[in-house]
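Here are my notes for a colleague opening this entry for the first time. Please read them beside the structure.

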Amino acid sequence: MPLTFHLPVNTISLVLFLIALLLVIFYSALTIYSLLHFGKSRIVGAIVSATYIVLTLALLLDAFFNLRSL
Amino acid sequence: MSYFQRKYIFPGQQENEKVCLIIRQHWIVLAGQMLFAVLFVAIYFIVSYVLNTYLPKDLLTRYGNVVGLAKDLYLIFLLLGIFLAWVIYYLNVQIVTNQRVVDITQNGLLQHTVSELELSHIEDVTTEVKGFLPTMFNYGDVYIQTAAEKERFVFSHISRPADVQKLILDLYEQLPKQ
């Protein structure tokens, strides 16, 4: 009788997504804090941080919809 | 004063202290780091092409969302890496005022070092432009020999090092003689 092996793709994908989300939130928060706290110009820091947050949120949203479709 | 306006450009700036120059490393240093980012973006497109072209259609249909998720996570981490590299570059800065030289070094996200040198403690200022790219783009190192505890300040990979050297020496000459 042949052995079958079913990968829990949904579970692995969800776990990987959650780990990635936690890491991204942690390092993004640290980086934005450093930029706003130590940066010479708060306006430059705010603009760059806002751009980064928008792009990352767009990618996270797309990843979330891909995850939901699994 | 609004939140976006800082009263002082750097920590410890005095009331009557005039900032003469704010220097960062030459843009080519950041460009070198961004080359790695370009490489990773190229890998992304190559792998996408290979998967779309050579993966069997039934597998692509069944696992398309997993591949899409993996691609998004890859891009998210790549974007984070680019952001981090730019922030570290932006926060590394050298400031020359009419009283002193300040070297602000950001070695990591939470490692921030500020070194100061009074202009009166300067003994010698030397510049070094070594190599093809530094000569072409006019960037190099400025070494400031001091009589202080930290014997040598180094401004590495800054643009127009000769002009920076001249500015520091001119400011030193303008100091009131004791």
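This is a predicted model: local features need pLDDT of at least 70, side-chain atom pairs count only at pLDDT 80 or more; totals for chains, interfaces and linings use all residues.

1. Chain A, make-up. Chain A holds 2 helices and 0 strands. Of its 70 residues, 14% are buried.

2. Chain A, dimensions. The C-alpha trace spans about 70 × 20 × 10 Å along its principal axes.

3. The contact. Chain A gives 28 residues to the contact, and chain B gives 23 residues. On the chain A side, α1 (9–38) and α2 (42–68) each supply at least two of the residues that touch chain B. That side of chain A divides into 17 nonpolar, 8 polar and 3 charged residues.

4. Chain B, the helix. Helix α1 of chain B runs over residues 27–54, which is 28 residues. From first C-alpha to last, α1(B) reaches 40 Å, close to the 40 Å expected at 1.5 Å a residue. A kink of about 25 degrees is centred on Gln33(B). How many of the 28 residues of α1(B) are buried? The number is 0, so α1(B) lies largely in the open.

5. Chain B, the hairpin. Strands β3 (residues 100–108) and β4 (residues 111–118) of chain B pair in the antiparallel sense, over 8 bridges. Between β3(B) and β4(B) there are 2 residues, and the two strands form a hairpin.

Note on methods:
Residues are numbered from 1 along each chain as its sequence is written. Chains are lettered from A and ligands numbered from 1 in the order in which they are written. Two strands pair if DSSP finds at least two bridges between them. Helices (H or I, at least four residues) and strands (E, at least two) are DSSP runs, numbered from the N terminus. The expected span of a helix is 1.5 Å times one less than its number of residues. The bend at a residue is the angle between axes fitted to the seven residues ending there and the seven starting there. A residue is buried if 20 or more other C-beta atoms lie within 10 Å of its own, exposed if 12 or fewer, and partly exposed in between; C-beta atoms are placed from the backbone. Two residues are in contact if their C-beta atoms, placed from the backbone, lie within 7 Å. Ala, Val, Leu, Ile, Met, Phe, Trp, Tyr, Cys and Pro count as nonpolar, Asp, Glu, Lys and Arg as charged, and the others, Gly among them, as polar.
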